[in-house]
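Biologist: Could you please walk me through this structure? I would like to begin with its surface.

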Amino acid sequence: MDPLAGRLVVTTANRTSITPNQITWGAFVLGLGSAWCFLRADWPWLVAGAAVYHVSFVLDCMDGKIARLKGTGTVLGGWLDYVFDRIRVLACTVALMWGQYHATGQDIYLFLGIGVVFLDMLRYVDALQIAKVRRQMRRTLRQAYEQSVSAGSAALPASLLHEDLLHGDLDNDPDEISVRLTQAVDLQKEFRSRFSWYPGLREWLREHRIRTHLVSGIEFQMAVFIVGPLLGAVVPVTIGAAALLLLFEALIMYKLLLSSRDLNRALAAIRSSGEPSVSGTPAG
């Protein structure tokens with residue numbers, strides 16, 4: 001999506017007065033058009049639906065980019081983008097699976113429809129909650145550190161810190177020290193120790209412009225609404241994409257579990273006395 005969407009964003013932002021919300025509406029209308037094509041069920045209509053969905057998805061990738069580029073993003077715009085995405089997925093799922101069920105009489109399409117809607121909801125709710133949990137982890141860490149500072153015994157062992165996130169000296173404002181140190185606490189330490197090969201793979205993926213989260217909601221939608229219809233293989237592609245999405249969601253949950261263990265160790269170290277202090281922080 002990005003190579004095409006990025007080029008269109010530059011042209012649209014610089015040469016037109018089209019707003020991000022207008023693009024969001026355009027993506028939504030095209031999404032409903034895709035659903036209408038899917039409902040017709042025949043393979044030529046599936047191809048048309050897949051093509052329209054692809055254009056809709058390109059527009060969906062553009063609205064947020066233009067909003068950030070021009071500084072015109074709003075809370076309403078973000079809400080519209082999220083809600084319209086979910087409605088588009090629901091409409092296209094119902095149309096695609098009902099159309100195929102009506103054409104073939106196979107009950108599996110009804111079960112797939114329920115599964116697609118559930119997994120889309122799971123992925124996007126999960127994404128919001130994971131981001132919320134990670135922010136809460138950092139807040140908890142900072143609060144514990146500041147309480148230790150108030151008690152005159154704050155110390156962050158150097159073994160807890162991620163060196164790449166800790167730059168320059170720490171002889172600054174106490175609030176800045178608190179933020180920088182708690183942000184530098186390594187909450188991925190156990191994960192990296194168990195999967196030492198992952199950082200190298202992540203960098204390789206980034207260098208080749210490949211998302212490190214290989215199967216997310218984006219890839220899932222592309223498989224269900226574009227790849228499956230184009231290949232005339234809605235059932236196997238949907239099942240395969242669903243299995244991969246569940247696998248990656250399980251891996252994210254496992255990574256979050258390991259992060260929670262790192263958080264508990266960091267909190268215990270902050271609250272304990274006698275640990276070696278980091279330069280620029282109050283000694284315990």
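**Surface, cysteines and confidence**

Modeller: This is a predicted model. In the nonpolar patch on its surface, helix H4 supplies the largest share, three residues.

Biologist: Which residues form that nonpolar patch?

Modeller: The patch is formed by Leu39, Leu90, Val94, Trp98, Leu110 and Val117, and together they have about 500 Å² of accessible area. Two or more of its residues come from each of helix H4 (75–104) and helix H5 (108–150).

Biologist: Where is Val117 found?

Modeller: Val117 lies in helix H5. Its relative accessibility is 31%, so Val117 counts as partly exposed.

Biologist: On to the cysteines. How many disulfides does the structure hold?

Modeller: The structure holds zero disulfides. Cys92, for instance, is in no disulfide, and the nearest cysteine sulfur, that of Cys37, is 9.3 Å away.

Biologist: Is Cys92 buried or exposed?

Modeller: Cys92 is buried, because its relative accessible area is 0% and the cut-off for buried is under 20%. Cys61 is also buried, with a relative accessible area of 16%.

Biologist: Finally, what pLDDT does the chain average?

Modeller: The chain averages a pLDDT of 83, and 84% of the residues score at least 70. Over residues 273–284, however, the pLDDT is below 50.

Biologist: How many contacts does that stretch have in the model, beyond near neighbours in sequence?

Modeller: Residues 273–284 have 33 such contacts in the model.

Notes: Residues numbered from 1 in each chain as written. Predicted model: local features only at pLDDT ≥ 70, side-chain atom pairs only at ≥ 80, totals over all residues. Heavy atoms only, no water. Patch = residues over 30% accessible without salt bridge, like charges linked within 9 Å, V, L, I, M, F, W, Y side chains within 5 Å. Areas by Shrake-Rupley, 256 points an atom, 1.4 Å probe, with all protein chains shown as cover. Salt bridge = Lys/Arg side-chain N within 4 Å of Asp/Glu carboxyl O. Helix = DSSP H or I, 4+ residues; strand = E, 2+ residues; numbered from the N terminus. Buried < 20%, exposed > 50% of the residue type's maximum accessible area, 1.4 Å probe, protein only. pLDDT = per-residue confidence, 0-100. Contact = heavy atoms within 4.5 Å. Disulfide = S-S within 2.5 Å.
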